[in-house]
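Subject: Structure handover

Hello,

Here is the structure I promised to pass on. Please open it alongside this note; my findings follow below.

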Amino acid sequence: MTEVVEFAKSLGMDPNTDSGLLWIAEEALRAPLPEGWHDYIDADGNVYFYNSSQQISTWTHPMDEHYKRLFRRLKAQG
């Protein structure tokens, strides 16, 4: 559960006040990479993501922004 709580924080959640939305963090942690994306490990052991067709890389999972928006939208709906 610690991993979920830490990831929830990275999505902008407060694990105490947003406990009803922790399922979003759980789902995000299990989210597959979108088509065209692959994960790699750099020389220092850090994971990064690369899309060869778009020739872009990122340190954050390509779906993280989707889950941040989902959280903000559901939180706003109260």
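Phe49 has its bridge partner in S3: Thr58. This is a predicted model, so please read everything here as computed from it. The pairing behind that bridge is antiparallel, with S2 and S3 (residues 56-58) joined over 3 bridges. Also in this pairing, Asn51 stands opposite Ile56 of S3. The two strands make a hairpin with 4 residues between them. Gln55 takes a positive phi there, near 55°.

Now the other neighbour of S2. Strand S1 covers residues 37-41, and S2 covers residues 47-51. They run antiparallel, and 5 bridges join them. Which residue of S2 is the bridge partner of His38? Tyr50 is. S1 and S2 also form a hairpin, this one with 5 residues between the strands. Its turn holds Gly45, which has a positive phi of about 90°.

Put together, the 3 strands form an open sheet. The order is S1-S2-S3, and the pairing is antiparallel. S1 and S3 are the edge strands, since each pairs on one side only. From one strand to the next, the twist averages 30°.

Next, the helix to look at. H3 spans residues 64-77, which is 14 residues. From its first C-alpha to its last it reaches 20 Å. That is close to the 20 Å expected at 1.5 Å a residue.

Which residues of H3 are buried? They are Asp64, Tyr67, Leu70 and Phe71. These four sit on the same side of H3, because they cover an arc of only 120° around the axis.

Just after H3 comes Gly78, with a positive phi of about 65°.

Best wishes

Key: Residues are numbered from 1 along each chain as its sequence is written. This is a predicted model: local features need pLDDT of at least 70, side-chain atom pairs count only at pLDDT 80 or more; totals for chains, interfaces and linings use all residues. Side-chain values use heavy atoms; hydrogens and water are left out. The expected span of a helix is 1.5 Å times one less than its number of residues. Buried means under 20% relative accessible area, exposed over 50%, partly exposed in between (1.4 Å probe, protein chains only). The arc is that of the directions from the helix axis to the C-beta atoms. Two strands pair if DSSP finds at least two bridges between them. Axes are lines fitted to C-alpha atoms, for helices over the stretch in contact, and angles run from 0 to 180 degrees between N-to-C directions.
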